[in-house]
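Hi everyone, thanks for coming along. Let me bring the structure up on the screen, and then we can walk through a few places in it together.

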Amino acid sequence: MTANTDPHATLRRLFLTLFLRGRSPLGGKKEKAPTSLHQKLTWTLLLYAALGFVVLVFLRQPLFGYAAYLHSMTFVFIGMFVASSSGEVLFCREEADILLHRPITPKALLWAKVRVMVEVSLWLAGAFNLAGLMGGYFAMEHGLRFVIVHVVSTALLALFTAGCVVMVYLLCLKLFGRERLESLMTLTQMLVAIAFVLAGQLPNLLQSANLKVSASAWWVALIPPAWFAGLDDALAGQASLASWRLAALSLVVTALTTWLAFGRLAEGYQQGLQTMNETKGWVRATPSGRPLLHRIVSLPPLSWWLRDPVTRASFLMTIRYLVRDRDVKLRVYPTLAPYLILPIIYFLQGQGKPSGSLAAAAMAATLGLLPIVVQTLLQHSNQWQASEIFRRAPLAGPGSLYDGCQRAVVFMLVLPILSILAVVAGLSRGDPTLWMLLLPGLIAIPVTGLLPLGRGWVPPLSQPLDESKSVRQGFQLVGAMLGSMLLGGLVVLARHLGVITGFLLVEMGVVAVAYVFLRRSLFRSPWPEENG
Amino acid sequence: MLHLHSLTKNFGKQVAVDGLEFYVPAGQIVGLLGPNGAGKTTTLKMLTGMLAPTSGTATLCGHDLLTEPIEVKRKVGFVPESGAVYESLTGLEYLEMVAALYGIPSEAARIRIKQFLAFFDLGFDVLSEKLLGAYSKGMRRKVVITSGLLHNPPLVFFDEPLDGLDANAAVGFKALLQSLARDGHTIVYSSHILDVVERVCDRVIIIDKGRLLLDGKPEELVVSHGSGTLERLFTQVTGGGELERRAEDFAKTFAK
């Protein structure tokens, strides 16, 4: 960063630097410490670029369908990125003491942050669309025109997406007031994440309609990515009246969203920041929450399950953070939203279709990942330095603390989500034999929570937040996902071969052995190397 | 220079600052004292535009806090208690960023930063290469103090500024405050270290539960209340009189 007297440029450069370096690296010298996010970004862009090749399958389709596919996937990717990072970026509590007393307007601050989010969104979009653009350039009649128009429409899509997320936050602020903003943020972010996942189902609709979707279908106007595909079609494709209508819609809605988010509602942003800065004089933990939690924990079966006092203390601390801590909630619950929605979509899509078994296996695979995803998220916290207290305690290693955290995840998140999905699946009155396909994923859950991913077996909330964005952790989770998908594939194969019962028995045996081995290793593991 | 007009802040039903009203002329060092939760930090955050008052307002350097917030921020310096910084910037990057926000040209900013470095005995190499996340508490505090004074504000608020500073740096800092006041800068100094306040400040304001309890010159207040020291006066007016006896009783619970 170099000094420049333009506050807007300074803020933009500041937030871009913070995005690339992370907000709280472990220290050290400038050129050494913050490489992880750079690496992660590079790998993420490469991954997106590789994913973009899938779109070439649809190259022979009419331009509208092709552009709609590109835009829907871009919409999901950008939407998930903006939704997952916006809470942390827009309402960073620590930032108040640094910036709120400086002579900058809330609008300038908001615009600088959003500009960086849009900029990074465009990098992601650019990487994903690269193969599609090249394919379009060579295969389409007006290839060059398509490339130019698609780049513009993608930029508009990125602006629209970021604008939508900011607008949702600011509307919540306006409608529900400053006092309730903090509790609403998690719910808002979850709903936004779910909305993006659902909107991204356009490719599935296109597939189920054999890709003969045209701009003239009435329902297409309900799906945002189709508006931007209409812009592509109007300027580089058929230029039908329906395409022009969608194109006009894309321009009007983007302009309206931008005006609302960054113009009309931006003044309320300062109120939000000030709310984050307020130290509530006397905050009750949760109304009657503490006694209730203590009562539950002191009664069987939880009192049997949590006999060890260290495990119980870690269990209680994890649950309190999952209920109270804004940063933990903002990271955990929106991440869980797709895990709740995707299995339902898989399951409902699979009803009465030959692909039903694959859908069920995919659901099981997704569920199997749940404990380790949450457990990995819970390793990190803004308050990681407070975990020194665990090392000062007379404990040989982090085993009991990790164990308590894992039990809290199962009790607080895994069991409720499984219950919800069971109710949904039960109401759907589907093929009961599909349920057998869910079992392998569920049987694996006790073991997946014990896998030493992320920084390994560490106490909960003991690692800096930016470490959660490391390349290693990203690769580990992708590896776990592939393993989980492999399990799903094996289940389908076992069912096809008629050996599902045998498969389940073998899996149970493997899981039992792995469970015993992992738990023994966990309780023997020493303290990991200290941070900083 | 600083005039509070019935400044009030409520957090829900709790009144954090209750109609605070006082005037500080230019060139004065005012100690803002009070027990934990008295409303000192909330008052400072309102005066620096970080919190919106529930009612009332203040005039700072001739500008109204509510109607001219940006002008107020330009004229005011603030060193917050938290010492929060962007840890993934180097000290130099951070200070240059702050300078830019006040419209200080980069060359002038660099010269000013070097002057602060010399005063605080900090090396330029450390400042330009090491990320703030790797600084000691004292070094970080020096950077935060520098960031509050970089734009030469006529009115400065300090919230526990000595926290983390070593003895030499603290002595230098106290001398700096007195020199600044002689040159016409107005300083509001919030702290729990009462002997420092007694030595440095021309005037003390003691608040509790958001209300003004005492306002005057330290020596005059001590004499008029027959307290002997500012510390005794403070415990006397804020209800801490029985602390020594309570400490003795509590110490007995440690006996084996």
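Let's begin inside the protein: the second largest cavity is lined by A:L99, A:L100, A:I104, A:T105, A:P106, A:L109, A:Q270 and A:L273. By cavity I mean, on a 1 Å grid over the protein atoms alone, a set of points where a 1.4 Å probe fits but cannot get out, and lining residues have an atom within 4 Å of a point.

A quick word on the basis: this is a predicted model, where local features need pLDDT of at least 70 and side-chain atom pairs count only at pLDDT 80 or more, while totals for chains, interfaces and linings use all residues. Residues are numbered from 1 along each chain as its sequence is written, chains are lettered from A and ligands numbered from 1 in the order in which they are written, and side-chain values use heavy atoms, with hydrogens and water left out.

Back to our cavity. Its volume is about 40 Å³, where a volume is the space filled by probe spheres set on the points, and grid points are joined across faces, edges and corners. The structure holds two cavities of 30 Å³ or more. In chain A, α5 (106–139) and α11 (267–277) each supply at least two residues of this lining; helices here are DSSP runs (H or I, at least four residues), numbered from the N terminus. What classes of residue make up the lining of the second largest cavity? Six are nonpolar, two are polar and none is charged. Ala, Val, Leu, Ile, Met, Phe, Trp, Tyr, Cys and Pro count as nonpolar, Asp, Glu, Lys and Arg as charged, and the others, Gly among them, as polar.

Now for helix packing. Two packed helices are described by the angle between their axes and the distance between the axes. Axes are lines fitted to C-alpha atoms, for helices over the stretch in contact, and angles run from 0 to 180 degrees between N-to-C directions.

In chain A, helix α6 (residues 143–176) packs against helix α9 (residues 224–236) at an angle of about 155 degrees, with the axes 9 Å apart. α6(A) and α9(A) are therefore roughly antiparallel, a word used for angles over 145. Among the contact residues are A:F146 and A:F160 of α6(A) and A:W227 and A:F228 of α9(A), contact meaning heavy atoms within 4.5 Å. That contact divides into 11 nonpolar, two polar and two charged residues.

Next, a pair that spans two chains. Helix α1 (residues 7–21) of chain A and helix α3 (residues 91–101) of chain B have axes 8 Å apart, at an angle of about 150 degrees. That makes α1(A) roughly antiparallel to α3(B). Here A:P7, A:T10, A:L11, A:L14 and A:R21 meet B:E93, B:M97, B:A100 and B:L101. The classes are six nonpolar, one polar and two charged.

The peptide bond from A:P300 to A:P301 is cis, with omega near 5 degrees, and A:P301 sits in the loop between α12 (289–298) and α13 (302–305). A:L461 is not a glycine, yet has a positive phi of about 60 degrees. You'll find A:L461 in the loop between α20 (445–448) and α21 (471–497) of chain A.

Terms used. 1 Å grid on protein atoms, 1.4 Å probe; cavity = no way out; pocket = protein on both sides within 12 Å on 5 of 7 lines; lining within 4 Å. Parallel < 35°, antiparallel > 145°, perpendicular 65-115°, else oblique.
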